[in-house]
Amino acid sequence: MKDHPLRYACANELHARPFPSTEAPATAVYLAIKQSENASSRDRDLDRAHLLALLDRYGADHPAPEATHFYGQIGKYWLKWEQHTEFVTYTAFRAGVGRRAFDPREFDVFPEDWLADAPGERLTSSIIRIDKGKKDPQIVKAVQDWFVPESVAVSRVLDGSATIAGDFRIDPAGHLRFAVFVGADTGPRRVGSVVQRINEIETYKSMAMLGLAKGRSLTPRLNELASNLIDLIGTLSDGPLEDDAALERLLSMSSELEQMQAQAAFRFNATAAYEKIVNQRIDVLREERFGGRQTFAEFMMRRFDPAMRTVESTEGRLIAISKRANRASSLLRTKV
C-alpha cells in the first residue's frame with residue numbers, strides 16, 4: 001500500500017523532542033531568545049547559524065540540515081536547543097552543583113561575545129539548581145536563603161518524586177532562580193522532565209505577558225477614540241450640513257480601530273494560546289502543597305491570571321468599540 005507522503009513526518013514529529021536526561025545533583029542554565037518585532041516571520045537560518053557558532057566554539061557536531069531541535073554535548077555540558085514559532089531556547093546541563101547557589105558564572109557556558117551576536121533579544125534566562133536527597137527541614141532552609149519570601153512558590157510534584165521552588169524574580173545577575181529537590185529514587189528522565197516543565201512555564205508566561213504590554217500601549221488611544229466616538233454619535237441629529245463631516249470623522253475612526261485590531265490580533269491570540277500552555281504545564285506537574293507555601297498554580301492565579309484577564313478585557317473592548325463605530329458609520333451613510 002502506498003503511504004501518504006507526510007505519514008512518517010507526522011508520526012516522527014510526536015517523538016522529535018524527548019525530555020532531556022540528567023542525574024542529580026546537577027545544574028541547568030536556560031536562555032530564551034526572541035526578536036522584538038515580527039518574530040514569527042523571522043529568518044530562521046539566523047537561529048541555526050547562531051547555534052552552529054556555539055557548537056563550533058566547543059568543537060561539537062552539527063544537527064541535521066533544517067533541524068528545529070538539537071541535543072548533544074558541548075564541553076562538560078549537554079545542550080538542548082529548540083526552535084519555536086516566536087523564539088529559540090537553549091538549555092545546558094552539567095553534573096554537580098556549585099558551593100555558591102545560583103552562581104552567575106554558571107552562565108559562562110554561553111560566551112559573552114556569542115550572546116552579543118544573538119539574532120534577537122533575551123526573553124528570559126534562568127539558573128536551575130538540582131539537588132538530591134534533601135530532607136524537608138533542609139529544603140525549608142534553602143528556600144528561605146535563596147528566594148524572596150512574599151513571592152516564592154514551593155510544591156511537591158509528580159507524586160512526590162521532586163519538590164520545586166522559585167519566586168519568578170530576576171536576580172542581580174539578570175537571571176531567574178529555580179530549585180529542584182529530587183528524591184533518591186527519581187530517575188534522570190523524570191528529573192529532566194521537571195526541569196523542562198519549569199522552563200516552559202517561565203517562557204510561556206513571559207510570552208503571554210507580552211500581550212499585557214500590547215494592551216497597555218493601546219489603552220490611552222483607545223480611551224480617546226471611545227470618548228470621541230460617544231461625542232460624535234451624540235451630534236448625528238444636529239442637521240444635514242454636519243453629516244458629511246461627521247461621516248468623514250467616523251470613517252477615519254473606524255479605519256484606525258480596524259488597524260489597531262489587525263495589529264493586535266496576533267499578539268492577543270498568541271497570549272491566549274500561551275496562557276493555556278502555562279496552565280497545562282502546571283497541571284501535568286500534579287502539584288501538592290509543601291509546608292503551607294503557595295503552589296505554582298496559586299502563584300499564577302494571584303499574579304498571572306489578573307494580567308490575562310486584563311488582556312481579554314482590552315481585546316473585547318477594542319472589538320466592541322470597532323463594531324460601534326462601524327454601526328454608526330453605516331447609519332450615517334444611510335442618512336447622508
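In what order do the 9 strands of the open sheet stand? In this predicted model, local features need pLDDT of at least 70 and side-chain atom pairs count only at pLDDT 80 or more, while totals for chains, interfaces and linings use all residues. Residues are numbered from 1 along each chain as its sequence is written, and side-chain values use heavy atoms, with hydrogens and water left out.

The order is S2-S3-S4-S1-S5-S8-S7-S6-S9, with mixed pairing (two strands pair if DSSP finds at least two bridges between them; strands, E of at least two residues, and helices, H or I of at least four, are DSSP runs numbered from the N terminus). Strand S2 (69-74) and strand S9 (288-289) each have a single partner strand and stand at the edges, so one side of each lacks a neighbour in the sheet. Strand S1 (residues 26-34) runs antiparallel to strand S4 (residues 88-95), the two being joined by 8 bridges, and Ala-28 has Phe-93 in S4 as its bridge partner.

In helix H4 (residues 136-146), the residues Ile-139, Ala-142, Val-143 and Trp-146 are buried (under 20% relative accessible area, 1.4 Å probe, protein chains only). The buried residues of H4 fall within an arc of 100° when seen down the helix axis, so they line one face (the arc is that of the directions from the axis to the C-beta atoms). These buried residues pack against strands S5 (121-132), S6 (153-157), S7 (162-166) and S8 (176-182), contact meaning heavy atoms within 4.5 Å.

Definitions and conventions. Buried < 20%, exposed > 50% of the residue type's maximum accessible area, 1.4 Å probe, protein only.
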